[in-house]
Structures are given as C-alpha cells and as structure tokens.
Amino acid sequence: MYEKEFDRKGRLICFEGIDRSGKSSQIEILSLYLIVKNIPYVIIKFPTNETYPGREINKFLKGEIFINPDKVDLYFTSDRLEMYGEIKRLLKEGTWVICDRYVYSGIAYGNTALYFNTLEFGKVVRPDLVIFMDVQYEDVKNRKDFGKEIYEEKNRLERVYKNFLKLFEDKDFIKIIDGRKGIREISEEIEKEIEGIFTK
Ligand code: T5A
C-alpha cells in the first residue's frame, strides 16, 4: 500500500478513530508540545479544504449537498491522493506532519472503499505512528455536537469501529489509546509515544 521509502527528516503522525473520538483535542495538545520542542509541524485534516473533492465532501458531510455514496468514497481518495506529494515534500524538508484521519478512515468508513482505495496503493506515505483513539459509539454519543454530521449514527459507527480494529491488528506502528480516559491523561500517553519516535 505504501510509497517506497525516501529520506525523511520529519515524522508523520496520524490520528484515527470514530467521529468525536477526541482526535482534534489531542492534536491541539500535541501541537503545543511540538512548539515547546521547537519542531516545525503542519496539521492536515482529512477531508481537507485544499482540494476540490475535499471541499465538496465537507459540504456533503454538513448536509449542504448530496453526493452519491460511491462518488463520495472516490472524492475522499482523490483528496488524499492530491495531498501525498505535499506530505512527502514536508517530511523531506524536516517538517512533522500531523494528520487528523488518513487512508485508514477511507477503508474503515468506505461504502465501496475496498475498490477505490486500490487507487491509493503505492502512493500512501507510510506513517511513523498511528494513534487510534479507542472509543465506541456509546462512549461518544453524548459528546458535544454529536449527530450534526451525516455519518454520526449508531449503525455506521459500530461498523466503522469494527473495521478499524481489524485494520489495526498486528501493526507495529499503531498505538491503541483508551479514548474514554480524560483528555490530559490521554495526552500524557501520546507524549510518551512521541518521545519514542524521536530517536527512530
Ligand atoms: N471520512 C473521513 C470518511 O468517510 N472517509 C475518509 O476517507 C475520511 C478521511 C469527517 C467525516 O468523514 C468521514 C469520517 C467522518 O465521519 P469530521 O467532521 O472531520 O468529519 O469528523 P471527525 O474527524 O470525527 O472530527 P470531530 O471533530 O467530529 O471529532 P474529533 O476530532 O475526533 O473529536 P474532538 O477532539 O473534536 O472532540 C469531540 C468532543 O469530545 C470532547 C471534546 O471536548 C469535544 O467536545 N472530548 C472528550 N470528552 C471526554 N473525554 C475525552 N477524552 C474527550 N476528548 C474530546
């Protein structure tokens, strides 16, 4: 699935989890940590607003436009495909890239993703670390703003959660974090993981 290795000076950290699992909150805390360490970084949230497909998906998720489910998956993939070159460029120059969702969301959420994700094979920049925020629908259904977006419903998120677990079985660069803990406790665990990849 991954792009062939290249000389990277930066590190690629990806966050995954179901909707409202706490990714953005942790990324905000991690960015403060990187500032203190004087590490240049960029945050990329997928779907982005940088590409045409990304902007269309963002409208779709808010219910502003309708897009056929197959086409939505294709758009998620296209959005990432447009960004992989930029991620590679940043890593080569020494900037860390923090992704809020990545190819794994494409697979876990996909309607027909197994087909469209084959388009990404060989292009995905391999992460140095994937943090999976391990929470289920029942844990997040009462979190602020839950239910405002089109995919935030029980059946879908239960399916997505199971897909994530299957995907992350036996992968050495995945760290599964209990996302039911408090925000501060989680961020301390994440910092320890980050310390571990400085020396890699
Ligand atoms: N999608 C995405 C696909 O279908 N295919 C794809 O290929 C890709 C890339 C994106 C949607 O698109 C789908 C997945 C999604 O359905 P989005 O709006 O970007 O939509 O959704 P999310 O990525 O899920 O972003 P959210 O903002 O909804 O969730 P976060 O970032 O995981 O959570 P966060 O940090 O904003 O926290 C949510 C709330 O919970 C609280 C926070 O204070 C906040 O109120 N919270 C906690 N509460 C208790 N304990 C904790 N530990 C907490 N951590 C945070």
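1. How do the residues of the shell around the ligand divide into nonpolar, polar and charged? There are eight nonpolar, nine polar and eight charged residues, where Ala, Val, Leu, Ile, Met, Phe, Trp, Tyr, Cys and Pro count as nonpolar, Asp, Glu, Lys and Arg as charged, and the others, Gly among them, as polar.

2. Please bear in mind that this is a predicted model, in which local features need pLDDT of at least 70, side-chain atom pairs count only at pLDDT 80 or more, and totals for chains, interfaces and linings use all residues. Residues are numbered from 1 along each chain as its sequence is written.

3. Of the 25 residues around the ligand, Gly22, Ser24, Ser25, Gly106 and Tyr109 come nearest (a residue is near if its C-beta atom, placed from the backbone, lies within 6 Å of the molecule). The helices α1 (23-36), α4 (103-109) and α8 (183-198) each supply at least two residues of this shell; helices (H or I, at least four residues) and strands (E, at least two) are DSSP runs, numbered from the N terminus.

4. Five strands form an open sheet with parallel pairing, in the order β2-β3-β1-β4-β5, two strands being paired if DSSP finds at least two bridges between them. Because β2 (41-45) and β5 (174-178) stand at the edges with a single partner strand each, one side of each is left without a neighbour in the sheet.

5. Five bridges join β2 to β3, and Lys45 has Asp100 in β3 as its bridge partner.
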